[in-house]
Amino acid sequence: SIQLVRHEDYRAPDYEIVATALEFWLDADTTEVLAELRLRCRLPEPPEYLIFQGESLDLLELRLDGQVVGADRYDLLDEGLRLHHPPQAFTLNSRVRVHPATNTQLSGLYAADGVLLTQCEAEGFRRITYYLDRPDCLAPFTVTLHADREHYPMLLANGNLEATGTDGQGGHWARWHDPFPKPSYLFALVAGRFVVERDHFTTQSGRSVALEVYVAERYRDACQRALDSLKRAMAWDERVYGREYDLERYMIVATDSFNMGAMENKGLNIFNTKYVLASPETATDDDYLHVESVIAHEYFHNWTGNRVTLRDWFQLSLKEGLTVFRDQEFSADQNSRGVQRIADVRRLRAAQFPEDAGPLAHPVRPDAYAEINNFYTATVYEKGAEIVRMIHTTLGPERFRAGMDAYFSRFDGQAVTIEDFLSALEAGSGCDLQAFMRWYAQAGTPRVEAKWQQDLETGSLSLELSQRTPATPGQADKTTLPIPVRVALLDRAGRRQPLRVGNDDLGTETVLMLTQPQQDWTFTGLHEPCVPSLFRGFSAPIILERSDAVLAEPFLARHDDDPFSRWENFQALAIRELLGYIAEPTRALPSGDLREAVAAVTSQWPEDPAFCAELLTLPTEDYLGEQMEIIQVDAIHAARESLRRALAMVFGDTFMAWYQGLAGTYQLDGLSMGRRRLRQVMLSYLLVNDRLRWEAIALARLQYAEADNMSERLAAYTLLVQDIHHDSEDLLMDFYQTWRHHPLVLDRWFSTQLGREEPATLHRAANLLVHPDFDWRVPNRVRSVLGAFAANPTVFHAADGSGYRFFGEQIRHLDGINPQTAARLATVLSRWPRLDAQRRGHMQGVIAELARKPALSRDLAEVLSRCQD
Ligand code: B3K
Ligand code: ZN
């Protein structure tokens, strides 16, 4: 069985590392690493032994205070090196060899595209040298890099560049020093040939910081967006949190071979090219938005994560949830707050709600893990961000800021816990936040039920809210949570009414705290009929069940003045419509309520096209599945397509007029992006309008051919290629020929065709895996095939199980190459409990089969075993 690390077993380290000096002789086949660690015991008496973590290291030499350590003084274990009778204070020198070129896991030091680079979070540093590889062990680092000058003209590490020189025979070296003590997971080095795009930023105290983006020559012209976003993020963190950058330079290096999005290594971020590069010809509007938010996210980690770091990995959400909250707020300030909130909630519901409702459910602060890389989840990130947001909502911006000031001043330079975070927020704000600890400890999405009643005679409206959280694996009993409910009361014309409770005047919008299983509030002075608008801005990550839904939703979908809430109720109408149709497929679509809501939107020219696009986009098939006890895969697909057709038929002329009228020259401001997005929604409807279809196909082909930007080109391309009644082989060929040398765009060529909802897609996927441009070692490419395949509802969920089996075979293969990415992709296998009996059996069969694989990685073994519980 799998060995678990438990939160309750945490013990502070016996030793501290006073200083770390590393020297590398870099080479793709064999790199030599010399480490000098100055250690000091934190206990009165040194312990019997001390374990330095190490993995896949060839040990060449070990010295203690300069003397060679005899073989009787240490053992090499699976997890590292055990040193017996360590002195109270000593210096340990180790010399090891590692092999970057064969490191396909992309954890530790690896080679990609002629570059040598590192990824250490969470536990990659132990694949570079023997170390106390844990986040609560902080040290200043001095790093000297030696390499061949021809192959590796640039040598980068964390901190400030101290000295450079030549080694003779074509070699050179560089020495970097990072004065800020840091845990090993924030270490990074990069060696290679790049072009550098430069800028600078003057901090609030007047220091000039050099900003540098390192990319391969072919990406030279695509760095502007990253640099702009970085400068805006730096200014925002000064303005909103008073946080200033602390080193002389801030470097960002882009690579095509990366397991995740990006990594916040101190002063030397390493990024997946997907989140750095953006040019109009290659990047979509969404790509531009993602670059902005990921650049900001990694920058914000400099304070939330780096300056104040984690005591242990159970606290992961302390940096991730908090930093996601910060990047969401940054993006909301840069773009449209309402549309940003809708996008954030969509993501939460698409990834986190299903996770929280299935076998992989875990608290935002998990209790145990086998492989920590498996816990970089939507729960830790997105639900973690929602908890911080609820605290922000509860305290209000000023008290929240005072709390954050206290957090930074108390804990700068320390490795801390979520309790520390809450206690600093309490000290700074003067409010009791202890109850929020339960949100970190309890898994599962709470359900809140709302009932209300108005008495027009007495002018009182009573609102009753109750909460319950369903059981999750290993957590049968649930406790009551503090749930902030942002409310307003709207009259028939949609005007907000004054809120009076007892003698308190609460303005026209307020936050009620639901802290009990059930609670009532009575509002007075309301002599006109009102409807409560609840959970405005999605003030808590819950599922709302309102007893008046049938009446309230159509009204709120048209009149709510909170954009999130309006969208939410609009979606609710569509869901009701679709579920009704699935139950009774002879029903006419669209029915009155939805039709009127859409008519209200389409009756006037869209002033806010991005928001309009959100309103007119139907809920995804996955989200519809979430609303059902047993997910009826085929019925959902059929119903959603029928509704799209029906809406397209009723509103076709408006949609065509909007499609034409929204055309404009390419610009990157929010309004232009919104117009493009809405235009794409229009086009997708027009393609399913029987009357306008041929015209729409011609328009889409024209848009593909003539667009001067990837946003419009890819939108048209995707609609045509995924239209199974349209022959788009010529487009596939054209797209491939045009973009075959641009990896990020070529990823789209792979993934788009796997979105075709027809049985032949299975065969297509198999062919793409042996395509000359497919590469198992590049996670973006692997995800563009396997991720896209698993996201195709009809093909992945084919009733005969063929989709699951095909997918399982590929995961098995990938596990031998890159376990972290294999385990991440495999999480879709957790969806079986909600499938019908036949599909469930097939999916469970694939899980069981995979679990029997010899030499299964710890990563995949953990995911599979949790899927089987
Ligand atoms: N902290 C990194 C994620 C590391 C994942 C390790 N498996 C990126 C981020 O959240 O900013
Ligand atoms: Zn992060």
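Modeller: The buried residues of α23 are Gly-803, Tyr-804, Phe-806, Phe-807, Gly-808, Gln-810, Ile-811, Leu-814 and Asp-815. Keep in mind that this is a predicted model. As for the spacing, an α-helix has 3.6 residues a turn, so residues three or four places apart point the same way. You can follow that kind of step along Gly-803, Phe-807, Ile-811 and Leu-814, which are among the buried ones.

What covers them? The cover includes α20 (761–769), α21 (779–790) and α22 (793–796), along with α24 (819–826), α25 (837–851) and α26 (858–868).

The length of α23 checks out too: its 14 residues, 802–815, should span 20 Å at 1.5 Å a residue, and the end C-alpha atoms are 20 Å apart, which agrees.

Now zoom out. UniProt, in an unreviewed entry, puts "domain: Peptidase M1 alanyl aminopeptidase C-terminal" at residues 555–867. That stretch, 555–867, is 69% helix and 0% strand, with its end C-alpha atoms 42 Å apart. For residues 444–546, the unreviewed UniProt entry lists "domain: Peptidase M1 alanyl aminopeptidase Ig-like fold". Here, over 444–546, the chain is 0% helix and 49% strand, and the end C-alpha atoms sit 19 Å apart.

Terms used: Residues numbered from 1 in each chain as written. Chains lettered and ligands numbered in written order. Predicted model: local features only at pLDDT ≥ 70, side-chain atom pairs only at ≥ 80, totals over all residues. UniProt positions renumbered as here; feature names shortened; annotations may be inferred. Helix = DSSP H or I, 4+ residues; strand = E, 2+ residues; numbered from the N terminus. Expected span 1.5 Å × (residues − 1). Buried ≥ 20, exposed ≤ 12 C-beta atoms within 10 Å, placed from the backbone. Contact = placed C-beta atoms within 7 Å.
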